[in-house]
Amino acid sequence: MKILLPLVLSMVTFAREATAQDAQCASERAAMVETIRAYARSDASGVGQQGFSERVLEAMGRTKRHLFIPERSCSIAYADRPVSIGHGQTISQPFIVALMTQLAEVAPDHVVLEIGTGSGYQAAILAQLARKVCTIEFIPALAETAAKALRELAYDNVSVRLGDGFVGWPECGPFDAIVVTAALGQIPPPLIEQLKVGGRLVMPVGAAYTTQHLTVVEKTAPDKTTTRAVALVRFVPFTRSQN
Ligand code: SAH
């Protein structure tokens with residue numbers, strides 16, 4: 001009893017601190033969603049007249065971004081800023097994650113491909129809006145950490161593959177939407193091939209280490225696409241396996 005009481009008290013204190021931290025994170029996450037909503041009203045945001053769908057904002061409001069970053073800090077995670085995830089890579093600022101998700105127009109029965117798993121955060125958002133998400137990461141350590149985080153948080157409809165996303169993932173497709181989270185000067189032709197007619201690809205197109213055009217490609221027929229540039233963005237480079 002003498003030993004048990006301090007143990008029980010410290011467990012209660014720990015539980016109280018954890019609850020206080022959860023509440024703090026939840027309020028910072030709610031503030032993040034309001035920032036995203038407010039920024040969407042500016043013309044430069046690229047969201048368009050209709051603004052964000054509530055489905056996208058709800059997913060952003062539910063997803064524990066702090067569990068996908070190395071520091072696990074809520075004040076870092078929920079600021080509208082990119083965050084370093086090591087290996088020279090970053091997780092995009094929340095607004096850009098929401099924007100790419102919105103532009104991909106993901107529906108509950110969709111199969112979605114993401115190129116550039118990174119932390120797994122964007123995949124977690126997509127997983128809540130789609131039936132199945134396949135995501136490819138080039139850096140082994142990131143693929144492993146992201147797969148672990150997604151597994152622990154029970155995003156069971158996400159598959160992570162290690163490799164060069166340029167060639168896509170034909171066995172997982174065809175895809176209703178493709179989201180590419182690294183910048184390249186060209187749209188990889190295999191990705192257009194693996195996109196369904198009526199599907200959308202969202203990708204930063206342009207040279208590395210400069211601003212790129214966030215681009216939406218819609219496949220309107222088996223051999224036809226329309227392309228529009230939506231906003232200026234700055235992404236990490238898309239690496240090719242022969243580099
Ligand atoms: N979507 C991520 C952020 C991605 S940062 C998130 O939510 O955290 C871009 C990622 O693309 C990096 O992790 C980088 O390693 C990866 N990447 C770059 N080139 C790639 C390629 N050819 N195939 C797959 N992933 C690639």
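The structure is a predicted model, and the values given below are computed from it.

**The ligand and its shell**

- Among the 26 residues around the ligand, those that come nearest are Ser119, Glu137, Asp164, Gly165 and Thr239.
- By kind, the residues of the shell around the ligand divide into 12 polar, 11 nonpolar and 3 charged.
- The elements that give two or more residues to this shell are strand S2 (89-91), strand S3 (111-115), helix H5 (121-129) and strand S4 (132-137), and the largest share, 3 residues, comes from S2.

**Backbone atoms beside the ligand**

- A backbone N or O atom of threonine 239 lies 2.5 Å from a nitrogen atom of the ligand, and threonine 239 is also one of the residues that come nearest to the ligand.
- Glycine 165, likewise among the residues that come nearest, has a polar backbone atom that is 2.8 Å from a nitrogen atom of the ligand.
- For glycine 116, a backbone N or O atom is found 2.9 Å from a nitrogen atom of the ligand.

- Helix H4, which covers residues 94-104, is mostly covered, since 11 of its 11 residues are buried; they include Pro94, Phe95, Ile96, Val97, Ala98 and Leu99.
- The buried residues of H4 also include Met100, Thr101, Gln102, Leu103 and Ala104.
- After H4 comes glutamate 105, which has a positive phi, near 50 degrees.
- Helix H5, one of the elements that give two or more residues to the shell around the ligand, is mostly covered as well, with 8 of its 9 residues buried.
- In H5 the buried residues are Tyr121, Gln122, Ala123, Ala124, Ile125, Leu126, Ala127 and Leu129.

**Buried residues and pairs of positions**

- Valine 158 has its place in strand S5, which runs over residues 158-162, and valine 158 counts as buried because its relative accessibility is 14%, where buried means under 20%.
- Although valine 158 and lysine 132 are 26 residues apart in sequence, they are 6.2 Å apart in space, C-alpha to C-alpha.
- Phenylalanine 52 lies in the loop between helix H1 (4-39) and helix H2 (54-62), and with a relative accessible area of 9% phenylalanine 52 is buried.
- Phenylalanine 52 and threonine 101 are 49 residues apart in sequence, and their C-alpha to C-alpha separation in space is 9.5 Å; threonine 101 is itself one of the buried residues of H4.
- Alanine 143 is placed in helix H6, where its relative accessibility of 7% makes it count as buried.
- Alanine 143 and arginine 65 are 78 residues apart along the chain, and their C-alpha atoms are separated by 17 Å.

**Backbone features in the loops**

- Histidine 87 has a positive phi of about 60 degrees although it is not a glycine, and the place of histidine 87 is in the loop between strand S1 (83-86) and S2.
- Alanine 154, in the loop between helix H6 (140-152) and S5, has a positive phi of about 65 degrees although it is not a glycine.
- With a relative accessible area of 49%, alanine 154 is partly exposed, because exposed would require a value over 50%.
- Glycine 173 and proline 174 are joined by a cis peptide bond, for which omega is about 0 degrees, and proline 174 is found in the loop between S5 and strand S6 (175-180).

Notes: Residues numbered from 1 in each chain as written. Predicted model: local features only at pLDDT ≥ 70, side-chain atom pairs only at ≥ 80, totals over all residues. Heavy atoms only, no water. Near = heavy atom within 4 Å. Polar contact = N/O pair within 3.5 Å; in protein donor to acceptor, adjacent residues only side chain to side chain. Helix = DSSP H or I, 4+ residues; strand = E, 2+ residues; numbered from the N terminus. Nonpolar A, V, L, I, M, F, W, Y, C, P; charged D, E, K, R; others polar. Buried < 20%, exposed > 50% of the residue type's maximum accessible area, 1.4 Å probe, protein only.
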